[in-house]
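Please look over the sequence and the structure shown here.

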Amino acid sequence: MSNEPITLTAGDAEATVLPGNGGRVGGLRVGGVELLRQGDRYGCFPMAPWCGRVREGRFRDGATVHQMPLNSPPHAIHGFVRDTAWRTARVTPTEAVLTCELTDPWPYPGLVTQQVALSEDALTLTMSVETYQSSFPAQLGWHPWFNRTLGDGAGVTIGFDAAWQEERGADHLPTGNRTEPEPGPWDDCFGMPDGVDVTLTWPERLELKVTSPERWVVVYDEQEAAVCVEPQTGPPNGLNTLPRLVTPLEPLEATTTWRWRRL
């Protein structure tokens, strides 16, 4: 199938999926109001085969050290599937399934599959990476850019209760220490052992809950136009510090749901 834009609709909710632009959700409108920041780099993009920064773009697999391109010098950031075109595997009025081959510069063959499913009050994203050959470490996650304001309303508030905050070093990477969560502004990774649960509230407009079975979430609110809530399968630099192994018998899978209600 082609990689042309896809529009999903359910009730008064509408999502635009962009296979040709990194498999991202380019827009999510509820009652005609756009929730995601617009632009080629924004919306909500999938992060694979790693999330956040990898220190100096290098990760070790056994005795072998692999070098990734430094797309955020001096580090590599957010994987590279966001920078390539995905293939459309299946489309219904409320669901799209996309696939993306892992190729150079990633040193291992693999396939990433993403499902985008829309209902009247929720968007659910599911992703997996699988291999039929060599096992390899990987991470999965999503990087949504939610508009800070909806129209002329008040700015969004971010509410969550994390068990810990990954201490961030001067190089923007976790130091390995865990601290008590601190007040924002944030560009930080938090641990939620019972699963990610973050609430975005646009006063008198909308409440949106970002949930996931995963234990890590990066919260970023240092930009004027948008805020980010990024569920992921491990912390930044996790290819080195907490690798999740993809094997021919066991793919790596992740899911997140955004559920909203009007206020």
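Lys and Arg are counted as positive and Asp and Glu as negative, while His and the chain ends are left out. Each charge is placed at NZ of Lys, CZ of Arg, CG of Asp or CD of Glu. On that basis the protein has 21 positive and 34 negative side chains, and the centres of the two sets lie 2 Å apart. This is a predicted model, in which local features need pLDDT of at least 70, side-chain atom pairs count only at pLDDT 80 or more, and totals for chains, interfaces and linings use all residues. Residues are numbered from 1 along each chain as its sequence is written, and side-chain values use heavy atoms, without hydrogens and water.

**Overall form**

- The protein contains 1 helix and 26 strands (DSSP runs numbered from the N terminus: H or I of at least four residues for helices, E of at least two for strands).
- Its C-alpha trace spans about 55 × 45 × 30 Å along the principal axes.

**Burial and contacts**

- Of the 263 residues, 54% are buried (under 20% relative accessible area, with exposed over 50% and partly exposed in between; 1.4 Å probe, protein chains only).
- Among contacts (heavy atoms within 4.5 Å) with a separation of 6 or more, 62% join residues 24 or more positions apart.

**Glu-166**

- Glu-166 lies in strand β18, which covers residues 164–168.
- Glu-166 counts as buried because its relative accessibility is 6%.
- Leaving out residues up to four places away in sequence, Glu-166 touches Pro-174, Asn-177, Arg-178, Asp-188, Cys-189, Trp-216 and Pro-235.
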